[in-house]
Amino acid sequence: NFCLQPVVIEHCSVVPGKFLCKMASYVGSKLTAEDARKTEEFERVADPDDREQAALLDEMRSHLKKLQDIKRSEDPRLSFSTPEFKEAQRVFTDNFKKNFNRPVEWALVKEYPWSTPQLRKLETPVDVQGKPWPQDR
């Protein structure tokens with residue numbers, strides 16, 4: 001299956017024993033050299049004979065590598081949180097609610113109150129509130 005909207009991680013704290021991740025925006029702006037530096041610092045401080053610390057370091061390394069791979073392959077143009085996208089989405093939604101300033105010619109119509117709505121062409125076009133569309137003179 002092909003997914004158009006990428007799943008990305010907003011922020012990841014590289015702290016021993018805790019990987020706090022929230023889904024939302026892109027890794028590129030959140031993953032910093034500080035995270036890699038913290039991992040290297042823990043590698044230096046950790047006791048190589050302690051299994052728990054070694055397992056934790058392996059988990060940290062794999063997690064950091066995965067985030068770096070995601071960052072390498074992400075495309076910031078696909079961000080759905082940019083101001084430009086939000087404005088375009090708002091304009092589209094407003095126009096959609098107004099049927100793009102065109103009359104409604106087809107609608108789901110109930111012939112009787114108990115019948116199921118059926119898609120039919122209206123005899124006279126209406127606006128989105130159901131008022132008759134002003135005809136050209």
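**Close-up views of a phenylalanine cluster and its loop**

Phe-92, Phe-96 and Phe-100 are joined into a cluster by ring pairs. This is a predicted model, in which local features need pLDDT of at least 70 and side-chain atom pairs count only at pLDDT 80 or more, while totals for chains, interfaces and linings use all residues. Residues are numbered from 1 along each chain as its sequence is written, and side-chain values use heavy atoms, with hydrogens and water left out.

**View A. The ring pairs of Phe-100.** The structure holds four aromatic pairs (rings of Phe, Tyr and Trp, the latter by its six-membered ring, with centres within 6.5 Å; planes under 30 degrees apart count as stacked, over 60 as edge-to-face, the rest as tilted). Phe-92 and Phe-100 form a tilted pair, because their ring centres are 5.5 Å apart and their planes lie at 55°. With Phe-96, Phe-100 makes an edge-to-face pair: the centres are 6.3 Å apart and the planes at 80°.

View B. Phe-96 is exposed at 56%, Phe-92 is partly exposed at 48%, and Phe-100 is partly exposed at 37%.

**View C. The loop with Phe-100 and Asn-101.** Phe-100 sits in the loop between helix 3 (83-97) and strand 3 (104-109); helices (H or I, at least four residues) and strands (E, at least two) are DSSP runs, numbered from the N terminus. Asn-101 belongs to the loop between helix 3 and strand 3. Phe-100 is not a glycine, yet its phi is positive, at about 55°. Asn-101, not a glycine either, has a positive phi of about 55° and is exposed, with a relative accessible area of 56%.

Conventions. Buried means under 20% relative accessible area, exposed over 50%, partly exposed in between (1.4 Å probe, protein chains only).
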